[in-house]
Amino acid sequence: MEEVSSNFEILEEELVYEEFIYYERLVNNLEIELFREEKNWYLLGMIQEGIRNILSLRRKIELMNENANYLVVIHQLNELLKRLNNLETTVHANSNISLGKFLTQCNQTSITHLVYTNNQHPKIRLYGAASYMFLCQFHRENTPSLGITERVGCGYCFACGIGFNAIQYLMEYENLDYKEAVQILARIYLIKLNRNSIKEDHPLVIKYQESLLSDDFKALLEKAYQRALNGKNNMEIFNIINKFEHDFHIIERVKNKRSIRLDNRQKKYYLKMPTFNTYPEGE
């Protein structure tokens, strides 16, 4: 640790050093939690978020310069990535989760995107670092009161009291049952299943994918992303920034028609995801 600390002092980037320490502690804690209960599927989202964050930090350092000191730091980050990849493999080997939980709790959907698709108000107000205020789509009103918090993937109307995640939103707004909503979300975000009764040309799939890939929606995200970049330097802001970067990644993945593979054998959805940011040949 002393060697890493000295290299970060040479970098003269105290914030980067704080990030590294935070992620190192995160990896240590995840390893402890997995040792206690290796079948806890909820750890998967934390592990994958950690991988994304460390990749982002590594890219940041790589853009600074290339010398021996930086290479040592990058080596340490690579070691953390290896540990997280090992944890991810362990979870995949020992856990199964419902597709619904994978979609809503592992950051594979965008609640902002779904609500934006059916937005009826000409202006969408941005408040905070990653929250929006829409005109509620479940009761009549003239002043927007439907708050959407992208970071946690939930919506809540301060007027009528309705609350929802991505699946609940589709069920309520599009009058779908649970299975239909989950399978439509899988089609929208290109989560590839062995069996999915919803076809690619389903009207709802086309509607939501078109809005996801629209310039207006990307501009909405970029406005909030830039505000987050200019926010206070703390871990909450870092997490918000990484969530936006992940959403941009989903947009590009869907635009390029790259799927995430899942296997729903025996009515269970077993995770078989490619390594983050890489895809099988031909996907």
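Analyst: A residue counts as partly exposed when its relative accessible area lies between the buried range, under 20%, and the exposed range, over 50%. By that rule C160 is partly exposed, because its relative accessible area is 38%. The model is a predicted one. C154 is also partly exposed, at 34% relative accessibility.

Next comes the question of bonding. A disulfide is a covalent bond between the sulfur atoms of two cysteines. To count as one here, the two sulfur atoms must be within 2.5 Å. For C160 the closest cysteine sulfur belongs to C157, and the distance is 3.5 Å, so the pair is too far apart for a bond. A search of the whole structure finds 0 disulfides.

Now the backbone. Most residues other than glycine have a negative phi. L190 has a positive phi, near 55 degrees, and is not a glycine. L190 sits in the loop between α8, residues 178-188, and β6, residues 191-192. With a relative accessible area of 16%, L190 is buried, because the cut-off for buried is under 20%.

K257, likewise not a glycine, has a positive phi near 55 degrees. The place of K257 is the loop that runs between α11 (235-255) and β7 (260-263). K257 counts as exposed, because its relative accessibility of 64% is over 50%.

Key:
Residues are numbered from 1 along each chain as its sequence is written. This is a predicted model: local features need pLDDT of at least 70, side-chain atom pairs count only at pLDDT 80 or more; totals for chains, interfaces and linings use all residues. Side-chain values use heavy atoms; hydrogens and water are left out. Helices (H or I, at least four residues) and strands (E, at least two) are DSSP runs, numbered from the N terminus. Buried means under 20% relative accessible area, exposed over 50%, partly exposed in between (1.4 Å probe, protein chains only).
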